[in-house]
Amino acid sequence: MVIGCIIGTIILFLSKGENSHILRFNEELFFIYLLPPIIFNAGFQVKKKRFFQNFLTIMLFGVFGVFISSAIISAGSWWLFPKIGFDGLEKQDYLGANLPFSLLYSGAIFSSTDTVCTLQVLHQDETPLLYSLVFGEGVVNDATSVVLFNTIKKLDVSSIQGWRIVLHIFGDFLFLFSTSTILGVCSGLLTAYVIKALYFGRHSTDREIALMALMAYLSYMLAELFRLSSILTVFFCGIVMSHYAWHNVTESSRTTTRHVFATMSFIAETFIFLYVGMDAVDMEKWKVSETRCRTLLGIYGVILSLVLLGRAAFVFPLSALSNYLSSTYERSAITFRHQVIIWWAGLMRGAVSIALAFNQFTDSGVTWNPVHATMITSTLVVVLFSTLVFGLLTKPLVGLLLLSRHGEGSGRSSRSGSPNEEEDGGAALSLLAGSFSLLLERPAHTIHAYWRRFDDTYMRPIFGGPL
């Protein structure tokens, strides 16, 4: 990001103040070409055992947390912006100023988190539960923010009034979430079957890798075509591919896929942050914005304060709820230190926030509306400040909080060579299967045992993978 700012400054100087970037930001370029490899690699490399063991907590943070945070940020902005002299936002930007509970639209922009910085500091072997929660919430959070943004954007406020708006939002959200997940799972299963059963998909590293990458991208484009959540689709496609298709390819392809997908993801992330840094010094947006400096500082302060408050409003209460539920099936509790780290990990804002802001407040990256230009520059400043300042403080904070770790195992039981963590499950099957009382006492373990039996009996013989 700093390098991007330096490059933007050099270009600005060479162009004599007329331009600061080589490419103009286009949200379609971001969502179609840059985001898919990042999300797919996240699903492909995810530790599935940990992810699904903590699935309920991850969904609490990643779904309900976004709704809570969006409501606080939107309602707080609606109330505080006029008090600091910024009251030019049109009603459609908030879906009507008379509907404070429906202000999730603007809140969705600043509810999308970027947990990459914290994940670089955490070690999943030392803190497997904490790493799983931060990683899982980061992916689900991005998907939920985009789905929520698109859901509310499609609403016709003139024909829906009162609490029906909330019900309509939840209904559309659940439909998009479930159908996108099903599409991703089906795409992953189809890829696994083609590689396992059809000759043209095997015995060639280039062919196997190309087939996996193209099928993943096809699932993303199909979701876009059907107006579903492409992020969720490609994420679950990556999970299913790593569970089945990865075991059907040759040994060289297994090693290569891990590095190729991780490299593509890293290149996309690097390009995004370089561009964010370059776009921050684009004088065109700053010139269009006619907001006074004092008001701008007030906007930045309000947004950052609401981000801090919105995170705290759901991380600590939902952690307490998760700990209460986990006490019934003997899962490790989320300590207060870990709750603080989870809260801190979600304070950074990233490229998804910028893409959503550009989608709403610009036309192909350009705006001549002073109020919209102010929102764009405010988003850029919040992303830069949260990433650079909060990001620089992440390592010392995490080191201080994890100085004395208790109650969490080392988690070094993963199989070497696999991109995901598998559980043997044999003992769990013999101990847990067929017992309704254990289902009530230890639901996660019992459901996992039944799933492993179904997976070994019906799924793996068809789609591949070791029994």
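The chain of this predicted model has 20 helices and 0 strands. The exercises below work through parts of it.

**Exercise 1. The chain as a whole**

Task: Find how many residues the chain has and what percentage of them is buried, and what share of the contacts with a separation of 6 or more joins residues 24 or more positions apart.

Solution: 
- The chain has 467 residues, and 54% of them are buried.

**Exercise 2. Annotated transmembrane regions**

Task: From the UniProt record, list the residues annotated as "transmembrane region", then compare the annotation with the model for residues 298-321 and residues 341-361.

Solution: 
- The unreviewed UniProt entry gives this annotation to residues 29-46, 58-81, 173-195, 229-247, 259-278, 298-321, 341-361 and 381-403.
- In the model, residues 298-321 are 100% helix and 0% strand, with 35 Å between the end C-alpha atoms.
- Residues 341-361 are 76% helix and 0% strand, and their end C-alpha atoms lie 32 Å apart.

**Exercise 3. Placing single residues**

Task: Say where Asn-41, Ile-72, Ala-197 and Arg-227 lie, and classify each as buried, partly exposed or exposed.

Solution: 
- Asn-41 belongs to helix H2. Its relative accessible area is 11%, and because the cut-off for buried is under 20%, Asn-41 is buried. Leaving aside residues up to four places away in sequence, Asn-41 touches Phe-261, Ala-262 and Ser-265.
- Ile-72 is part of helix H4, residues 55-80. With 23% relative accessibility, Ile-72 is partly exposed. Its contacts, not counting residues up to four places away in sequence, are Leu-306, Leu-309, Gly-310 and Ala-313. Between Ile-72 and Gly-310 there are 5.8 Å from C-alpha to C-alpha, although they are 238 residues apart in sequence.
- Ala-197 is in helix H9, residues 164-197. A relative accessible area of 39% makes Ala-197 partly exposed. The C-alpha atoms of Ala-197 and Phe-463 are 8.4 Å apart, with the two residues 266 residues apart along the chain.
- Arg-227 sits in the loop between helix H10 (205-225) and helix H11 (230-243). At a relative accessible area of 61%, Arg-227 is exposed. Arg-227 is not a glycine, yet its phi is positive, near 60°.

**Exercise 4. Cysteines**

Task: State how many disulfides the structure holds, and classify Cys-186 and Cys-293 by accessibility.

Solution: 
- A disulfide joins the sulfur atoms of two cysteines by a covalent bond.
- The structure holds 0 disulfides.
- Cys-186 has a relative accessible area of 44% and is partly exposed.
- Cys-293 is exposed, at 56% relative accessibility, because exposed means over 50%.

Key
Residues numbered from 1 in each chain as written. Predicted model: local features only at pLDDT ≥ 70, side-chain atom pairs only at ≥ 80, totals over all residues. Heavy atoms only, no water. UniProt positions renumbered as here; feature names shortened; annotations may be inferred. Helix = DSSP H or I, 4+ residues; strand = E, 2+ residues; numbered from the N terminus. Disulfide = S-S within 2.5 Å. Buried < 20%, exposed > 50% of the residue type's maximum accessible area, 1.4 Å probe, protein only. Contact = heavy atoms within 4.5 Å.
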